[in-house]
Amino acid sequence: MAKDSSFDIVSQVDMQEMSNAVNQTEKEISQRYDFRGSTASIELDEKFIKIAAEDDYKLNAILDILRARMAKRGIPLRCLDPGKVEAAAKGTVRQNINIVQGISKEKAKAIIAAIKATKLKVNTQMQGDQVRVSGAKKDDLQAVIQTLRAGDFGIDLQFINMR
């Protein structure tokens with residue numbers, strides 16, 4: 001009897017690379033002429049990034065620098081979920097940017113629905129913040145991966161643990 005093959009669909013961010021991108025952004029802020037003498041800062045926590053600046057223009061400039069550094073390091077830009085810009089002390093502004101990791105239940109249901117719409121003979125199941133796909137034929141699993149890469153689910157998907 002042939003054993004089923006399987007793989008997992010996840011949405012993860014390499015936090016070491018994210019830390020490096022934030023550090024590079026911080027270094028560039030300290031060196032750029034338009035940020036001289038201003039109170040601009042960027043800080044990485046476990047699940048979000050805090051940005052503070054004197055005005056909206058500088059806040060958006062910091063965010064653009066961060067996105068450029070993330071792109072160079074291969075971090076998906078879709079993992080950032082910017083919150084609203086808030087007024088802070090002494091006329092400054094700040095913004096919290098969530099780092100989206102894992103697949104929510106709604107997104108997982110949409111992914112499973114897209115897989116079922118292909119009419120391939122594969123099984124799907126939600127396992128926490130990931131989706132497992134298993135089937136007898138590896139060609140069917142490859143077709144599922146191609147279908148999911150072509151679709152847009154609003155998050156960056158990675159396919160791991162192919163067995």
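**Close-up 1. The aromatic pair.** The count of aromatic pairs comes to one, with rings of Phe, Tyr and Trp (its six-membered ring) pairing if their centres lie within 6.5 Å. F7 and F159 form this pair, 5.9 Å centre to centre. Their planes stand 75 degrees apart, which is edge-to-face (over 60 degrees; under 30 counts as stacked, the rest as tilted). The pair links distant parts of the chain: F7 lies in strand β1 and F159 in strand β9, 152 residues apart. F7 counts as buried because its relative accessibility is 1% (buried is under 20% relative accessible area, exposed over 50%, with a 1.4 Å probe and protein chains only).

This is a predicted model: local features need pLDDT of at least 70, side-chain atom pairs count only at pLDDT 80 or more, and totals for chains, interfaces and linings use all residues. Residues are numbered from 1 along each chain as its sequence is written, and side-chain values use heavy atoms, leaving out hydrogens and water.

Close-up 2. The buried residues of α4 are D140, L141, V144, I145 and L148. Seen down the helix axis, they fall within an arc of 145 degrees, so they line one face (the arc is taken from the directions from the axis to the C-beta atoms). The face turned away carries exposed D139, R149 and A150. The buried residues pack against β1, α3, β7, β8 and β9 (contact means heavy atoms within 4.5 Å).

Close-up 3. β7 and β8 run antiparallel, joined by six bridges (strands pair with at least two DSSP bridges). Q125 stands opposite R132 in β8. Two residues lie between the strands, and G128 in the turn has a positive phi of about 70 degrees.

Methods: Helix = DSSP H or I, 4+ residues; strand = E, 2+ residues; numbered from the N terminus.
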